[in-house]
Amino acid sequence: YLNRPPRWATRQEAMAYARIGATKMNDLMHGRRIFAKKLDGKVLVDLNSIDDFYGALPDVGAVQ
């Protein structure tokens, strides 16, 4: 994540990109699992952090 420049999107754009709803987006942002900033009352989400979050999820059928 830190080696790439951020790709900022609005909260709504990020929700569409991640295919998640508002509650899940809030949970991920407040839990610092994805990164967001606030600019003049607008929330901006780093799409790279969404990619990293999904990339860290376990594979289906993976032994835990």
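Two strands are taken to pair if DSSP finds at least two bridges between them. Strands (E, at least two residues) and helices (H or I, at least four) are DSSP runs, numbered from the N terminus. The structure is a predicted model, in which local features need pLDDT of at least 70 and side-chain atom pairs count only at pLDDT 80 or more, whereas totals for chains, interfaces and linings use all residues. Residues are numbered from 1 along each chain as its sequence is written, and side-chain values use heavy atoms, with hydrogens and water left out.

**Sheet and helices**

Strands of a sheet pair through backbone hydrogen bonds, either parallel or antiparallel. Here an open sheet of 3 strands has the order E1-E3-E2, and the pairing is antiparallel. E1 and E2 are the edge strands, each of them pairing on one side only. From one strand to the next, the twist averages 35 degrees. Between E2 and E3 the antiparallel pairing extends over 4 bridges, and Ala-36 stands opposite Val-45 in E3.

Helix H3 packs on this sheet and touches E1 and E3, its direction making about 50 degrees with that of E3. Helix H1 also lies across E1 and E3, and runs at about 100 degrees to E1. For these angles, axes are lines fitted to C-alpha atoms, for helices over the stretch in contact, and the angles run from 0 to 180 degrees between N-to-C directions. Contact means heavy atoms within 4.5 Å.

**Charged side chains**

Side chains of opposite charge can pair when their charged atoms come close. A salt bridge is defined as a side-chain nitrogen of Lys or Arg within 4 Å of a carboxyl oxygen of Asp or Glu. A search of the whole structure finds 1 salt bridge. Arg-7 forms a salt bridge with Asp-51, and the closest N and O atoms are 3.0 Å apart. Because Arg-7 lies in the segment before E1 and Asp-51 in helix H3 (residues 47-55), the pair ties together parts that are 44 residues apart in sequence.

Asp-46, in strand E3 (residues 42-46), is buried yet has no salt bridge; the nearest side chain of opposite charge is that of Arg-7, 6.1 Å away. In this count Lys and Arg are positive and Asp and Glu negative, while His and the chain ends are not counted.

**Arginine positions and accessibility**

Arg-4 is found in the segment before strand E1 (8-10). Leaving aside neighbours within four places in sequence, Arg-4 is in contact with Asn-48 and Asp-52. Arg-4 and Ala-36 are 32 residues apart in sequence, and their C-alpha atoms are 15 Å apart in space.

Two further arginines lie in loops. Arg-19 is placed between helix H1 (11-18) and helix H2 (22-30), and its phi is near 60 degrees, a positive value in a residue other than glycine. Arg-32 occupies the loop between H2 and strand E2 (36-39); although not a glycine, Arg-32 has a positive phi of about 60 degrees.

The table lists relative accessibility, where buried means under 20% relative accessible area, exposed over 50%, and partly exposed in between (1.4 Å probe, protein chains only).

| Residue | Relative accessibility | Class |
|---|---|---|
| Arg-4 | 34% | partly exposed |
| Arg-7 | 34% | partly exposed |
| Arg-19 | 78% | exposed |
| Arg-32 | 65% | exposed |
| Asp-51 | 29% | partly exposed |
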